[in-house]
Amino acid sequence: MIKEISNFYIQSLLAGVIIGLGDIVYVVNENHIVGSFLFSLGLISILLKGYPLYTGRIGYVEKWGDFYKPVGGMLPIIVMNFIGIAVVCSAANASRLDLSAVDAMVSVKVEQSWYSALFLSWGCGVMMYLAVNGWKKTNNPIAVILPIMFFILCGFEHCIANYGYFWLWITGDGYSHMAERLAELPAGFSVNLLIMIVGNALGSLTFSKI
């Protein structure tokens, strides 16, 4: 039982790490088509390993009581996804990589209206469900790559990936300036992030339950 719990939390963290690596390759790549293609390899890796990723699992929730389960629940998955992506994105900012392009990306994401965040995260949820479902049905990587490229090139909002972009931005001037960066965030940032979490779920559930 202890090993099962440990594996679940470690794998959930590693899923966040993989999405964080996808964030990094997208930010450093000026060609968004190439960047979105390479990002999709992250989800393929997660599916191959069977790691728990919130946006890949939320469409398969049967009972809302399962949301809080200590093993397999969506709440611990999203928390560990967030921790994993924050760790890898913080480490990336300590490297020689030029991640300055994330500044403009974060500005657009945090300043949008709540209804924009809801629609764009709903669209991402739809594409994530189609990608995961396509993999389950075919084991064909193209079934994963196309929906992922679709949502990225459309500018849809993926709550886990966005949290990574946020950490790339907040640690961009070094850890001593994190408080200053936090103070620059619009008041609605936390609300928009919560909306994206809900929107991703609604998008996935729209097609998984009908």
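Predicted model: local features only at pLDDT ≥ 70, side-chain atom pairs only at ≥ 80, totals over all residues.

Numbering runs from 1 along each chain as its sequence is written, and side-chain values use heavy atoms, with hydrogens and water left out.

**Stop 1: the stacked pair.** A search of the whole structure finds eleven aromatic pairs. Rings of Phe, Tyr and Trp (its six-membered ring) pair if their centres lie within 6.5 Å; planes under 30 degrees apart are stacked, over 60 edge-to-face, and the rest tilted. Select Phe82 and Tyr163. Their rings are stacked, 4.0 Å centre to centre, with 25° between the planes. Now colour by helix. Phe82 sits in helix α4 (residues 74-93) and Tyr163 in helix α8 (residues 159-170), so the pair links distant parts of the chain, 81 residues apart. Helices are DSSP runs (H or I, at least four residues), numbered from the N terminus.

Buried or exposed? Phe82 is buried at 14% relative accessibility. Tyr163 is buried too, at 18%. Buried means under 20% relative accessible area, exposed over 50%, partly exposed in between (1.4 Å probe, protein chains only).

**Stop 2: a tilted pair.** Select Phe150 and Phe156. This pair is tilted: 6.2 Å centre to centre, 50° between the planes. Phe150 is partly exposed at 44%, whereas Phe156 is buried at 14%.

**Stop 3: a charge over a ring.** Select Lys136 and Tyr60. Lys136 lies over the face of Tyr60, 5.0 Å from the ring centre. The criterion is NZ of Lys or CZ of Arg within 6 Å of the ring centre and within 35 degrees of the ring normal.

How values were computed: Helix = DSSP H or I, 4+ residues; strand = E, 2+ residues; numbered from the N terminus.
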